[in-house]
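Okay, quick one from me today. Have the viewer open while I talk, and we'll walk through the fold together.

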Amino acid sequence: MATVELRFSALPEHVRTARLVAAAVARRAGVDEAVLDEVRLAVGEACTRAVGLHQNGGIPAPVKVLLVEEEKQFSIEVGDEAPHAVPGGPGDEPAGDVEIEEDEMGLAVISGLVDDVEVSAGENGGSIRMRWPLTPPATLPA
């Protein structure tokens, strides 16, 4: 299992770099060429969301992106360190309507681009894990 880890300051200008790295690693891992644009867009949305959460929360920690090549799938996890309210827990005050709408819109875009998505959030941060199947290598005729 090959893993690439990328950490970047929570600045919008670094999102483009994350997209380019994700597409390059996905291509090398064997993700179908037809899906690479979806990988780029989904990573861009996830990273933009994480950057926004860090900036809105005044969090100096970097955004973390893990790119993992496994035997039959390629996954990307974008992690943030922004505290997310746990329903019913302390700090479960509603955020601003605009922030909630932007967050939901970003997650909707990601869900529309990627069939296999997991979103997790807690008091110590959150993550979006996206998975794509790998294209089996073509075999040459004997």
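So, what share of the contacts with a separation of 6 or more comes from residues 24 or more positions apart? In this protein chain it's 69%, where contact means heavy atoms within 4.5 Å.

Some housekeeping. This is a predicted model, so local features need pLDDT of at least 70 and side-chain atom pairs count only at pLDDT 80 or more, while totals for chains, interfaces and linings use all residues. Residues are numbered from 1 along each chain as its sequence is written, and side-chain values use heavy atoms, with hydrogens and water left out.

On confidence: pLDDT is the predictor's confidence in each residue, from 0 to 100. The chain mean is 87, and 84% of the residues reach 70 or more.

Next, the core. A nonpolar core here is a set of buried Ala, Val, Leu, Ile, Met, Phe, Trp, Tyr and Cys residues joined through side-chain atoms within 4.5 Å. Buried means under 20% relative accessible area, exposed over 50%, partly exposed in between, with a 1.4 Å probe and protein chains only. The largest core has 32 residues, and those touching the most other members include Val-31, Phe-74 and Trp-132. H2 supplies the largest share, 8 residues.

H2 itself has 22 residues and spans 31 Å from first C-alpha to last, close to the 32 Å expected at 1.5 Å a residue; that expectation is 1.5 Å times one less than the number of residues. Its buried residues include Leu-36, Val-39 and Val-43. Just after H2, Gly-58 has a positive phi of about 65 degrees.

Back to Val-31: leaving aside neighbours within four places, its contacts include Val-39, Phe-74 and Trp-132.

Last, aromatics. Rings of Phe, Tyr and Trp (its six-membered ring) pair if their centres lie within 6.5 Å; planes under 30 degrees apart are stacked, over 60 edge-to-face, the rest tilted. That gives 1 pair. Phe-74 and Trp-132 have ring centres 6.5 Å apart and planes at 35 degrees, so they're tilted. Phe-74 is in E3 and Trp-132 in E5, so the pair ties together parts 58 residues apart in sequence.

Definitions and conventions:
Helices (H or I, at least four residues) and strands (E, at least two) are DSSP runs, numbered from the N terminus.
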